[in-house]
Amino acid sequence: MSAENSKGPKGGGARKAGGHGQGHGHGHGHGLGYEYGYDTPLSPLLRVPSGERVDLGAFHPGATPAGPTDKAAGVAATARMAERLGSLQERLYAASTAGDRRRVLLVLQGMDTSGKGGTVKHVIGLFNPSGCRIKAFKAPTSEEQNHPFLWRIMKALPQPGEIGIFDRSHYEDVLIARVRDLVPRSQLGRRYAQINRFEKSLADDGVTVVKVFLHIGYEEQRKRLLERLDNPDKHWKFNAGDIEERSLWPAYQQAYELALERCSTDSAPWYVVPSDRKWYRNWAISKLLLEHLEGIAPQYPKGDFDVEECRTRLLAT
């Protein structure tokens, strides 16, 4: 499991002046603000710049940077993206039939209740499921433990033309592995560089890697866990171990800060998405995917046949 918020159980406070709170700037030093309308490109606002120190306590998990004004507007804005997302997905898949190797990999990380499953349901639901490859990573099996930690990740990668979604990922091996001391620190330290090389190889092979850190507050997580306890229909989603994990919040905080700091690269940057408001989370991730797909700009391949000749033959049947 993994966590993501401020310095310890007190939860995330508002961003310092010029920071990441509602209506304020991002606070990563590039001066972009959150006061703009939601047609503003979102990727630069949420991106973790390469090589800069990360302080998650400076990010307000309830912020709505560059987003719609409220839930109703957010839900409507997300729905409006569906047609464009579907069209780009179809073009991406169509291009692969002509040899285009490009594809997308969305990596979702965050504490339990931060919304990984909700993202899969509400955001990936905007796509044609036949073109998506979804993988939820649990604790490694005995077979997986007998291989290098990236082995199981490589087996789950999207094929050309597909959109892949990882619910948890290879980052568990520098998150829970660090917090729980599952591997020696010397080995753990090497994994960051291994991850960066691995993700660079993916980018070189045509994979657009979109890594999203779902940033919820400590108090918001308690609220969501209580909602699961109070509803018998949600008991299947509750794990008593989550309570123990909450006691390790500061350690997970530090582990995430290190992962974001060391593994936000030009090839595969991290994006911090405030996730206390589910509607904003869904809108923001949809918009991030839209911006990246538009950046790929996939095109339908041209036919390798004579259109008029085929038309004449068909009409003659």
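Let's start with a charged residue that sits inside: R228 is buried yet makes no salt bridge. The nearest side chain of opposite charge belongs to D242, and that is 4.7 Å away, while a salt bridge needs a side-chain nitrogen within 4 Å of a carboxyl oxygen. Keep in mind that this is a predicted model.

So what does lie by the side chain of R228? One of its polar atoms is 3.0 Å from the backbone oxygen of K237. Leaving out neighbours within four places in sequence, R228 is in contact with T113, K234, H235, K237 and F238. As for where R228 belongs, look at helix 9, which covers residues 218–230.

Five strands make up an open sheet, running in the order 2-3-1-4-5 with parallel pairing. Strands 2 and 5 are at the edges with a single partner strand each, so one side of each has no neighbour in the sheet. On average, neighbouring strands here are turned by 20° against each other, direction ignored.

| Strand | Residues |
|---|---|
| Strand 1 | residues 103–109 |
| Strand 2 | residues 132–136 |
| Strand 4 | residues 207–215 |
| Strand 5 | residues 270–274 |

Strands 1 and 4 pair in the parallel sense over seven bridges. Within that pairing, L106 has V210 of strand 4 as its bridge partner.

Which helix packs on the sheet? That is helix 11, residues 249–263, and it touches strand 1, strand 4 and strand 5. The direction of helix 11 makes about 135° with that of strand 5.

Methods
Residues are numbered from 1 along each chain as its sequence is written. This is a predicted model: local features need pLDDT of at least 70, side-chain atom pairs count only at pLDDT 80 or more; totals for chains, interfaces and linings use all residues. Side-chain values use heavy atoms; hydrogens and water are left out. Helices (H or I, at least four residues) and strands (E, at least two) are DSSP runs, numbered from the N terminus. Buried means under 20% relative accessible area, exposed over 50%, partly exposed in between (1.4 Å probe, protein chains only). Lys and Arg count as positive and Asp and Glu as negative; His and the chain ends are not counted. A polar contact is a pair of N or O atoms within 3.5 Å; within protein, one must be able to donate a hydrogen and the other to accept it, and residues adjacent in sequence count only if both atoms are side-chain atoms. Contact means heavy atoms within 4.5 Å. Two strands pair if DSSP finds at least two bridges between them. Axes are lines fitted to C-alpha atoms, for helices over the stretch in contact, and angles run from 0 to 180 degrees between N-to-C directions.
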